[in-house]
Amino acid sequence: TDEDDSPAIRELDATTVERIAAGEVVERPASVVKELVENAIDADASRVRVAVENGGIDGIRVEDDGHGMGESAARRAVEKHTTSKIRDIDDLEAGVSTLGFRGEALYAIAAVSRLTVTTKPHGGARGTEVRVEGGETTHVGPAGCPEGTTVVVEDLFYNVPARRKYLKQPTTEADHVQRVVTGYALANPDVAVTFETDGRERFATTGRGDLRSAVMSVYGREVASSMTSVDADAPDGPLAGVSGLVSHPETTRASPEYVATFVDGRWVTARAVREAVVGAYGGQLAPDRYPFAVVFLDVDPATVDVNVHPRKLEVRFEDEQGVRAQVETSVERSLLDAGLIRSRAPRG
Ligand code: ADP
Ligand code: MG
């Protein structure tokens, strides 16, 4: 018979499934900010303003002057698996040029907060406001607003107390948010990015299209002036190009977080790339010190998987060893050319 002591297997109800799925996208305020800033950039914004209250736990506001949405688009945008960015798996396989494509961020954020989208398309006659609480759309109506989109997220995890309990101190959450906003500000020097915490401006980039001036706005003049550019565009390796800025070996921090890496404009955590950048200094950094670096990899989209994780933070390269070697060589050559490191003793 079927009678035994093994545990019963049940199908989870839809609300539980959705909360679990939302938790994979939205881990903390910084993950909300990441998704909202990506959406602003995908909407071709030239200005993005990010403001958080209490580390983002109480409030997150992301304003852009991008292409905005009409009323029906705004209604759809907060629904499950809705996107304007890909049509099907073939589009994804071919490689996506937008930062988003999963169509789940706004829905996932709205499932675990109170979310308000205010938006007006370019040339549109009027704006729309959509409010969602815990996944339920509670209001859709006209709104007076400028062209572009503003998303406000309040009371994150108000309906997922277990998750709310595990948030860190507001200052720690604010640091995580700052790291995300910094990443996008550096990846998009042609976008004017402003970051505020509790009403105080932390940094603002000019949006005038120059990486060094963006670095100066976020890390300060001293760091920016210690950096030398990397620009290897005809290399022999899997990458089509490696570019960016890397610091003098004496301009360092105790944490590797200032080695920012980007794959086709996407801010990612790529351990192999970070290690290669550090490796390029050939042991000429003080122990446990890390340089400042902003490194962009130009990759054929068919040789990298950006869909490894719902938060799209990790990427996987087809030829990781090749990428590692190429980054290390390119960065090392720039540091040598600029006279910032000594050449290593020939091996063998
Ligand atoms: P994805 O970015 O993966 O498409 P999202 O849930 O983040 O999924 O957004 C859903 C859709 O809402 C987007 O495809 C886009 O059409 C629209 N959208 C979201 N944010 C903005 C914005 N800031 N400006 C214009 N359109 C937006
Ligand atoms: Mg998105």
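**View 1. Ser343, in the segment after helix H11 (320-337).** Ser343 counts as exposed because it has 9 C-beta neighbours inside 10 Å, where exposed means 12 or fewer other C-beta atoms within 10 Å, buried means 20 or more, and partly exposed lies in between, with C-beta atoms placed from the backbone. Ser343 and Tyr281 are separated by 62 residues in sequence, and their C-alpha atoms are 9.6 Å apart in space. This is a predicted model, in which local features need pLDDT of at least 70 and side-chain atom pairs count only at pLDDT 80 or more, while totals for chains, interfaces and linings use all residues. Residues are numbered from 1 along each chain as its sequence is written, and chains are lettered from A and ligands numbered from 1 in the order in which they are written.

**View 2. The packing of helix H10 (residues 271-280) with H11.** Helices here are DSSP runs (H or I, at least four residues), numbered from the N terminus. The axes of H10 and H11 are 8 Å apart and meet at an angle of about 35°, the axes being lines fitted to C-alpha atoms over the stretch in contact and the angles running from 0 to 180 degrees between N-to-C directions.

**View 3. The surroundings of ligand 1.** The shell around ligand 1 holds 23 residues, of which Asn39, Ala43, Ala77, Thr83 and Gly100 are the closest, a residue being near if its C-beta atom, placed from the backbone, lies within 6 Å. Helix H2 (29-42) and helix H5 (105-111) are the elements that each give two or more residues to this shell.
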